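Hello,

Here is the structure I promised to hand over. Please look through it first; my notes follow below.

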Amino acid sequence: RMIESYLKEAGWTWYRLAREMGMTQATITKMFKTPDASGYGNPRLEVLQRLARATCTTVGFWVDRRETK
């Protein structure tokens, strides 16, 4: 999965990502690991914005990666 690959490359844990996003680990793992019909979690735009800020990327980075997988 894209987020797990990113975390591994960055040397981050789910806990670190949650802390950087200002959310609990349980909340973000549920959002990103709970599949929807396409096989991925379906986080809201606000969550993707927090993810982008926390990882110094853009929302487009995550959306573009998701569409190609």
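**What was found**

Helices (H or I, at least four residues) and strands (E, at least two) are DSSP runs, numbered from the N terminus.

This is a predicted model, so local features need pLDDT of at least 70, side-chain atom pairs count only at pLDDT 80 or more, and totals for chains, interfaces and linings use all residues. Residues are numbered from 1 along each chain as its sequence is written, and side-chain values use heavy atoms, with hydrogens and water left out.

**Overall**

The chain has 69 residues, and 35% of them are buried. Buried means under 20% relative accessible area, exposed over 50%, and partly exposed in between (1.4 Å probe, protein chains only). The chain exposes about 4,500 Å². Carbon and sulfur atoms supply 52% of that area. Areas come from the Shrake-Rupley method with a 1.4 Å probe. Take the contacts (heavy atoms within 4.5 Å) between residues at least 6 apart in sequence: 43% join residues at least 24 apart.

**Aromatic rings**

How many aromatic pairs does the structure hold? There are three. Rings of Phe, Tyr and Trp (its six-membered ring) pair if their centres lie within 6.5 Å; planes under 30 degrees apart count as stacked, over 60 as edge-to-face and the rest as tilted.

One of them joins tyrosine 6 and phenylalanine 61, edge-to-face, at 6.3 Å centre to centre and 70° between the planes. This pair links distant parts of the chain. Tyrosine 6 sits in helix H1 (residues 2–10), phenylalanine 61 in helix H5 (residues 59–68), and they are 55 residues apart. Tyrosine 6 is buried at 17% relative accessible area. Phenylalanine 61 is partly exposed at 29%.

Phenylalanine 61 also pairs edge-to-face with tryptophan 62: 5.0 Å centre to centre, 90° between the planes. Tryptophan 62 is buried, with a relative accessible area of 2%.

**H2 against H3**

The axes of helix H2 (residues 14–21) and helix H3 (residues 25–33) come within 8 Å and cross at roughly 105°. The axes are lines fitted to C-alpha atoms over the stretch in contact, with angles from 0 to 180 degrees between N-to-C directions. H2 and H3 are therefore roughly perpendicular (65 to 115 degrees). From H2, Trp14, Tyr15, Leu17, Ala18 and Met21 meet Gln25, Ile28, Thr29, Phe32 and Lys33 in H3.

Best wishes

Key
Angles under 35 degrees count as roughly parallel, over 145 as roughly antiparallel, 65 to 115 as roughly perpendicular and the rest as oblique.
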